[in-house]
Amino acid sequence: MKNIKYEEAVKQLETIVDKMENGDLDIDSMTEELKKAKTLIKLCKNKLKHTDEEIRKLLETE
């Protein structure tokens, strides 16, 4: 899942939230979806942090 793009991760998170809000998940499915969401959130945070660091480095070299 590490090679997933940020936009795709956000889209998957939105789908999970929609399913939860609509009551489309049973308890077992909800547990699995929450685990997946946790992984996706971590991935998004890491990508944002990495991008922020790259931008700061670029701005420092000017």
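These questions and answers go through the charges, helices and accessibility of a predicted model. Local features need pLDDT of at least 70 and side-chain atom pairs count only at pLDDT 80 or more, while totals for chains, interfaces and linings use all residues. Residues are numbered from 1 along each chain as its sequence is written, and side-chain values use heavy atoms, with hydrogens and water left out.

Student: How many salt bridges does a search of the whole structure find?
Tutor: A salt bridge is a side-chain nitrogen of Lys or Arg within 4 Å of a carboxyl oxygen of Asp or Glu. On that criterion, the number found in the whole structure is two.

Student: What is the N to O distance in the salt bridge of Lys35 and Glu32?
Tutor: Lys35 and Glu32 are three residues apart in helix H2 (residues 27-60), so about one helical turn separates them. Helices are DSSP runs of H or I with at least four residues, numbered from the N terminus. The N to O distance between the two side chains is 3.8 Å.

Student: Is Arg56, which forms a salt bridge with Asp52, buried or exposed?
Tutor: The side chains of Arg56 and Asp52 meet at 2.9 Å, N to O, and the two residues are four apart in helix H2. Buried means under 20% relative accessible area, exposed over 50%, and partly exposed in between (1.4 Å probe, protein chains only). Asp52 has 34% and is partly exposed. Arg56 has 52% relative accessibility and therefore counts as exposed.

Student: Which class of accessibility does Cys44 fall in?
Tutor: Cys44 is placed in helix H2. Its relative accessibility is 7%, so Cys44 counts as buried.

Student: Which residues gather in the patch of negative charge on the surface?
Tutor: Patches are made of residues with over 30% relative accessible area and no salt bridge, like charges being joined within 9 Å and nonpolar side chains (Val, Leu, Ile, Met, Phe, Trp, Tyr) within 5 Å. One member lies in helix H1 (residues 6-21), namely Glu14, which is partly exposed at 46%. The residues of the patch are Glu14, Asp18, Glu21 and Asp24.

Student: How far apart are the end C-alpha atoms of residues 3-61?
Tutor: An unreviewed UniProt entry annotates residues 3-61 as "coiled-coil region"; such annotations may be inferred rather than shown by experiment. In the model the span is 85% helix and 0% strand. Its end C-alpha atoms are separated by 29 Å.

Conventions
Areas by Shrake-Rupley, 256 points an atom, 1.4 Å probe, with all protein chains shown as cover. Lys, Arg positive; Asp, Glu negative; His and termini not counted. Charge placed at Lys NZ, Arg CZ, Asp CG, Glu CD.
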